[in-house]
Amino acid sequence: MPMQSWFACLFGLFLAIPLGLFGQEKKAADPLDWPYWRGPEMNGISREKDLPDSWSPEGENLLWSKAELGTRSTPIVMNGKLYTLVRHNPGTTKEAEKVVCADAATGEIKWENVFNVFLTDVPDTRVGWSSVVGDPATGNVIALGVCGYFVCIDGETGKTLWSRSLSEEYGMLSTYGGRTNFPIIYENLAIISGVVIGWGEMARPAHRIIAFDKRNGQAVWFQSTRPAPEDTTYSSPALTVINGQAQLILGCGDGSVYGLQPRTGKIIWSYDASLRGINTAPTVVGNTVLCGHSEENLDDTAMGALFAIDASKTGNITKTGEIWRNKEQFVGKTAPLVLNDRIYSIDDGGVFFVNDLKTGEQIGKAKIGTIGRASPVYGDGKIYVVDGNGRAFIFAPDEKKGLKKLHQLRLEQGDVNASPIISHGRVYITCETMMYCIGKADVKPSADPIPKIEPEASVQKDQTPATALVVPVESLLKPTNKQQYSVYLYNANGQYLKKADPKDVKYSIQGPGAIDAAGLYAGPGGATNAPVIVNAEVGELKGQARIRVIPEITAETPWLFTFDDGLVPITGVGIRYRHIAVDYDFFKALKEKDPLAAKLYIYLSTQFTNVPAPKATYDDSTPAQAFTAFKRYLGLIEAITNQDQGKEKLDASLKLLQDEGVISEWAWTGNDQIPIQLVVTKGPRKVTGNGVMCKITTIPKGTRSQGWMGHPGSKNYVVQADVLANQVEAGADADPKAKMPDIGVTNQRYRFEMMGAAQKLKVYSWVPHDQKVHEVDFQWEPEVWYTMKFIVNNEDRDGERVSVCRGKAWKRDEPEPAEWSIEWADSPCNETGSPGLVGNAKDAEIFIDNVRVVPQ
């Protein structure tokens with residue numbers, strides 16, 4: 001087989017297809033390039049020769065070093081250029097994130113593509129968590145920033161070709177942990193994943209995989225894993241072919257490893273490893289997938305595992321597909337490396353293990369440090385390894401002991417998170433504050449051929465359509481917009497067949513607007529704010545796409561949400577699952593008459609809304625977390641230990657709710673197997689008084705969150721909302737304000753918050769960055785309605801573009817103050833951004849009413 005990269009193989013599969021998602025001219029890929037962080041074979045293996053077996057930061061085999069390229073991100077090399085993600089102006093008020101392009105041979109920087117970090121909990125030291133991916137077919141690079149900014153960049157010029165704000169548009173989560181997923185390219189798709197808290201059927205959080213058309217950023221398919229994952233993760237995908245079927249394989253936040261059809265997103269198989277997220281990148285050898293984790297196993301309390309899966313099976317293969325599993329081998333961060341029949345992996349504590357591929361039996365190990373973050377890389381008979389504290393090693397495989405140490409040194413340039421890479425006779429080793437390029441000075445790069453990959457089954461053998469994708473699968477439109485839809489057909493193997501002829505497609509919609517026979521959707525016009533479902537039928541096949549129709553913010557289409565209809569707006573992302581609509585007048589009356597009934601009203605309304613189901617069941621069966629959470633919320637964690645106590649404590653309040661129509665009935669149904677069980681049935685009561693939106697405290701990982709209500713390109717608007725902090729018991733000697741929530745609104749990628757415990761007003765763009773924030777003291781009380789008002793103006797000051805943020809807050813029953821309560825200027829400015837809501841309801845509910853968004 002001619003020497004070519006795995007990427008080149010993939011892009012060569014569909015060159016004969018002239019239309020649809022899979023027809024484009026392909027550039028010849030350089031066989032020595034490293035276009036993905038795990039290399040051309042996605043397994044950490046280079047076939048290159050004449051690589052160094054020793055080096056020194058002071059000069060031995062050092063070709064160049066550059067502090068400007070220091071980062072936690074693993075670089076790539078393509079077309080003579082090195083690309084990586086780094087911090088921009090670190091530790092300053094102008095800090096941001098950027099993709100940097102440098103000459104791979106000299107380290108000379110060619111261009112930088114800078115973008116702001118906004119509305120994220122990620123600290124500045126974790127910028128550059130993900131790695132860019134290169135596209136050999138176009139020469140473009142694709143990156144995911146820590147705040148969910150997804151961008152396609154021209155690899156030659158650094159020009160942005162398209163971008164998506166995955167948080168504002170889809171609800172992708174960005175957390176303090178900084179875990180950010182790695183993009184991958186397959187044919188004409190750019191695929192990315194993360195925990196998404198979206199809208200409609202995707203309002204409940206799940207680790208979701210999204211495929212975009214790499215040419216224009218249009219969403220092609222969306223796939224969800226199990227809902228309510230425990231973690232965000234950064235397991236990067238691998239592509240392969242097994243049993244003639246292309247597979248995309250990755251670990252997810254729900255603790256499982258998945259194999260999917262990369263063109264359709266259809267799940268082929270899943271393997272459940274843990275209840276916590278999988279961060280380890282899978283490595284594929286033939287039909288075997290190797291992966292690991294450092295969390296609790298599902299079948300006992302043992303922590304951590306390195307495991308092997310037979311990925312030729314289908315369905316849930318947790319029991320049928322496991323080949324072997326080594327518990328308490330904590331390979332939770334680094335990707336396994338496989339050479340011949342041996343696995344080389346680094347555990348979280350810096351132990352370099354060697355295991356037998358077929359049995360998992362340990363052959364040898366070596367201590368390389370105390371932290372394992374960077375994955376091992378192999379080339380020219382050598383394994384390059386770096387510990388998280390900067391110890392760098394070169395090993396050789398050893399038949400008897402597993403490993404033979406060839407070289408060791410200590411770097412003094414900061415922590416190491418990035419993995420070494422190999423390209424054109426050079427090895428790149430990256431620290432937080434320095435990048436080293438090592439190699440033999442006068443060696444002409446050469447390499448052995450890459451082994452053949454298994455070919456896909458011939459598409460000609462199966463021309464029967466089995467899947468219909470409606471593209472774009474997800475859209476955010478204005479009421480006056482139009483959107484052309486197309487249907488693409490795939491066989492059972494997930495192989496592309498054709499673009500369906502419009503005359504063979506029957507289109508219909510649920511929601512406002514209209515769609516014609518050719519698939520052209522036209523919005524309804526006016527001030528419509530509504531969801532739309534696009535249905536398409538091709539023979540027996542059905543496909544579906546979704547639209548959020550949201551008006552521009554103009555004098556003709558101002559926004560006002562009063563919630564008197566008893567609904568949380570469905571078109572907001574990241575909002576519905578964490579908020580419910582309640583009757584505040586009724587809640588207040590309940591709270592005065594029976595505080596426990598008021599708590600039950602909120603809790604049961606949450607269950608009936610978010611599950612959703614007409615009945616809610618609480619019991620102490622295993623696992624009993626739901627029942628424990630129920631008792632904790634009601635303040636009865638110790639008071640109910642048997643069913644008689646439950647009746648004594650709750651029946652009077654439940655009767656009151658029954659009389660008011662909140663519930664229709666309840667029953668205590670405990671038995672010998674389940675001693676305590678309460679079943680509550682939803683009643684007919686609707687919102688009849690002052691409807692408000694309540695941010696609930698009952699989702700532990702959703703109490704501190706944000707949501708978006710509009711277009712990322714919005715600007716020059718005013719956000720206003722009435723807000724109230726619920727009063728909760730703080731203990732006899734505690735300050736009641738210590739339990740107050742934080743409440744805020746967002747405008748143009750800035751937040752304005754009333755801080756409860758801190759008793760301050762706060763404006764900021766990057767949550768934990770100590771130089772991207774401004775605060776002033778502000779005394780406010782629970783159980784009092786306040787109005788918040790927030791504007792952002794982009795201005796030119798002293799030769800630079802700044803965003804001037806102005807906010808005010810006052811008691812709703814009092815006149816609006818003439819002066820702004822807080823003002824802050826930020827640069828580089830955020831020119832646009834979606835309006836939204838933010839709050840921390842960890843200790844007490846937040847009530848929101850009369851949300852207005854109008855032009856300035």
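**Entry 1: a turn, and the ground rules**

Which residue in the turn between β25 and β26 has a positive phi? I looked and found G360, with a phi of about 80 degrees, in a hairpin with five residues between β25 and β26. Strand names follow DSSP: helices are H or I runs of at least four residues, strands are E runs of at least two, and numbering starts at the N terminus.

I note that this is a predicted model, in which local features need pLDDT of at least 70 and side-chain atom pairs count only at pLDDT 80 or more, while totals for chains, interfaces and linings use all residues. Residues are numbered from 1 along each chain as its sequence is written, and side-chain values use heavy atoms, with hydrogens and water left out.

For two strands to pair, DSSP must find at least two bridges between them. I looked up V354 and found its bridge partner in β26 to be G364.

**Entry 2: confidence**

I checked pLDDT, the predictor's confidence in each residue on a scale from 0 to 100. The chain averages 94, and 96% of the residues score at least 70. Residues 1-20 have a pLDDT below 50, and this stretch has 64 contacts in the model beyond near neighbours in sequence. A contact here means heavy atoms within 4.5 Å. Where pLDDT is low, the predicted coordinates should not be read in detail.

I went to β28, residues 382-386, and found five of its five residues buried. Buried means under 20% relative accessible area, exposed means over 50%, and partly exposed lies in between, with a 1.4 Å probe and protein chains only. K382, Y384 and V386 point one way, while I383 and V385 point the other way. In a regular strand the side chains alternate between the two faces of the sheet.

I then followed the pairing on both sides. β27, residues 377-379, is antiparallel to β28 over three bridges, and V377 stands opposite Y384. Two residues lie between β27 and β28 in their hairpin, where D380 in the turn has a positive phi of about 55 degrees. β29, residues 391-398, is joined to β28 by four bridges, again antiparallel. Y384 has I394 as its bridge partner in β29. The hairpin of β28 and β29 has four residues between the strands, and G390 in the turn has a positive phi of about 100 degrees.

I also looked up L406, which is in β30, residues 402-410. L406 counts as partly exposed because its relative accessibility is 37%. Leaving aside neighbours within four places in sequence, L406 contacts D53, K382, I394, F395 and A396. Its C-alpha atom is separated by 51 Å from that of G198, 208 residues away along the chain.

**Entry 3: nonpolar cores**

Which residues touch the most other members of the largest nonpolar core? I found F150, I191 and F212, in a core of 72 residues. Such a core is a set of buried Ala, Val, Leu, Ile, Met, Phe, Trp, Tyr and Cys residues joined through side-chain atoms within 4.5 Å.

**Entry 4: aromatic pairs**

I found 31 aromatic pairs in the structure. Rings of Phe, Tyr and Trp (its six-membered ring) pair if their centres lie within 6.5 Å; planes under 30 degrees apart count as stacked, over 60 as edge-to-face and the rest as tilted. F115 and Y149 are a tilted pair, because their planes are at 35 degrees, with ring centres 4.8 Å apart. This pair links F115 in β5 (residues 109-115) with Y149 in β8 (residues 149-153), 34 residues apart. F393 and F395 are stacked, 5.6 Å centre to centre and 15 degrees between the planes. F393 is buried at 4% relative accessibility, and F395 is buried at 3%. I also noted a cluster in which ring pairs link F150, W162, Y170, F212 and F222.

**Entry 5: N610**

Is N610 buried or exposed? N610 is buried, because its relative accessible area is 16%. I placed N610 in helix α4, residues 595-610. A polar atom of its side chain lies 2.7 Å from the backbone oxygen of Y577.

Terms used:
Polar contact = N/O pair within 3.5 Å; in protein donor to acceptor, adjacent residues only side chain to side chain.
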